[in-house]
Amino acid sequence: MTAVEQAPTADSADLERPTSEPVEEQMDGQLHSLPRRHAVLRMSEVRAAELMDGETIEGENDQTMLMNMGPSHPSTHGVLRLMLELDGETVIRSKPVVGYLHTGMEKTAETLTFLQGPTNVTRMDYAAPLFNELVFSLATEELIGMEIPPRATWIRMLMCELNRISSHLLFMATNGMDLGAVSMMIYGWREREQVLRFFQKVTGLRMNHNYIRPGGVAADLPDGWRDDVLHLMEMLPPRLEEYDILMTGQPIWRDRLQGVGVISRDEAIALSATGPILRSTGLDWDLRRDMPYLAYPDVDFDVVVGSYGDSFDRYAIRLNEIRESMRIVHQCLEMMPEGDYRAGDAKVTPPPRARIDESMEALIHHFKIFTEGFKVPEGEVYVAVESPRGELGCYMVSDGGSHPYRMHIRGPSFVNLQTMPHMMADSLIADAVAVISSVDPILGEVDR
Amino acid sequence: MSDDTAKDAEVEQAEAEDVEAAAQPETAYGCPVSYSRGQRVIHPGRDQWLDVASQLLADGWNMCVDVTAVDYLSYDSARDLPDGVAAERYEVVASFISHRSSERLRARVQVPGDDPTVGSLYTLYPGTDYLEREVFDLMGITFDGHPDMSRILMPETWQGHPLRKDYEVGVIPVQFKAPAGKGSE
């Protein structure tokens, strides 16, 4: 922790990024809708390290302090690192530093076949793995131009909505923990575990399922799935009521969140924020309703919006999205069609195990799919779904081979992270923690 | 299912539009238009990119959701580009959303391999800040006018741009046998 002056010095020009916007602002763009853009700290890590190493620069006027937070700090949700410029306890400027979990997954995707792809992408947003698999599979299917059976579509929808519930329950837990409601942490994890137990029964794994694959899903729902889901749906409502009693109406909780981390609608749009952050500003934008995919036009649900754009709105939106997801799950239970759980296209989906024993052709297809993979026609496509964090997009380019030529994931956490310095500007450090929590970033998806 | 038929209709319509486009090239915002699996794509030139983007913003495309890039170095077959668009090594791909009309639009800008620079969307769409930094970091394309063209995912001192096709994937050889004289029976 060392003092840093407000303006960059001339001799450090190559290391230190300019603090003011160097861009000519004569253009009529959205930059004008960001009144707090001065709060974005643009300083290289090298420069910051020098300053923290004890090199002190005496400023003429106010002295501010550069403080490092993370990458391993309990309230930074994994390995997010923040460089905070503080004046006393007030955050002046901040810079999220990311990349600690970067493993080059987009590069890896180019070496995996389309069938192996979901094992890779599922590790990006590890709190909502099924959405990653879904968007990858939808992009592949869009390129092939294949249709999947209705049962596969409904299974995908059921599983994704349950995943949205488990992801938001995780948010409830971590949000509670960050703000000192420690019992909420235990409750959130406990309920989430129940949902994950169902995932384990269906997919074999609690996380990183590789369940949704191009052509359908990996396996049909197991016997007794309906009872398990009904059990979850009975278990959750009283627990959500409990959360309401514990937090929603509680004065301390409200004081910690209301009016904290406020973002305006113009700011959210200019910063390409999506998901609960965008909806907290009152814009009712949900890809499930506005650009429907799967069978979302066939189910009834409401898009939950806030009105103040503060952390409390984002908390309340996620809590109520659990309820909306439960509505969708109930409708999935009612409307789940019978039939195949994956497409019958022998070139894309592996044949059923029993067929391999009887048919030479099936054996060959099985072998070819798992060795060289299936070929996907040339083209490029962008597909997006509404993940618990916002627009999860997949841009895929195929050159006609069995591997994606290029696969890019537009992670909502990565883009939403840009809102953080704006929300934190001129707030206290304690509120900065509330802001990190309410952005709900998953660093696996940020870094990819 | 209804959405399937709707999709079919969409594809048919797109194909019909493709046929139409063959007769009379379709343009939007002064650039050629193509359809990829029914998705509308515009192909602005590198020089007109910022002008086109400001037209897009003025025309209600109020959010730029994604900026990415593709390196077509090892792409063997001829790329499907409309007439008048010369293929270059890199392509910067930006996706726009109009909240009012619930539509998407994609722009593909050709960027030559010997001069990988293109104008930054930052002043128009500040949300492209991190996305352009990511493209710079992993693909090595510089965005002119960006306030902080620095690496974001790789370490600051990293050499090279991993998502380029001529950047080798590291391989650790797998040893199936113990080396001679070590633990071998």
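**View 1. Chain B from end to end.** Following the sequence, chain B runs α-β-β-β-α-β-β-β-β-α-β. That makes three helices and eight strands, where helices (H or I, at least four residues) and strands (E, at least two) are DSSP runs, numbered from the N terminus. This is a predicted model, in which local features need pLDDT of at least 70 and side-chain atom pairs count only at pLDDT 80 or more, while totals for chains, interfaces and linings use all residues. Residues are numbered from 1 along each chain as its sequence is written, and chains are lettered from A and ligands numbered from 1 in the order in which they are written.

**View 2. Where chain B touches chain A.** Chain B brings 43 residues to the contact and chain A brings 56 residues (two residues are in contact if their C-beta atoms, placed from the backbone, lie within 7 Å). On the chain B side, β4(B) gives the most, with six residues. Sorted by class, that side has 21 nonpolar, 13 polar and nine charged residues (Ala, Val, Leu, Ile, Met, Phe, Trp, Tyr, Cys and Pro count as nonpolar, Asp, Glu, Lys and Arg as charged, and the others, Gly among them, as polar).

**View 3. Two helices of chain A.** Here α4 (residues 129-144) and α5 (residues 150-178) of chain A pack at about 145°, their axes 8 Å apart (axes are lines fitted to C-alpha atoms, for helices over the stretch in contact, and angles run from 0 to 180 degrees between N-to-C directions). Leu130(A), Phe131(A) and Leu134(A) from α4(A) meet Arg156(A), Met159(A), Cys160(A) and Asn163(A) from α5(A). That's five nonpolar residues, one polar and one charged.
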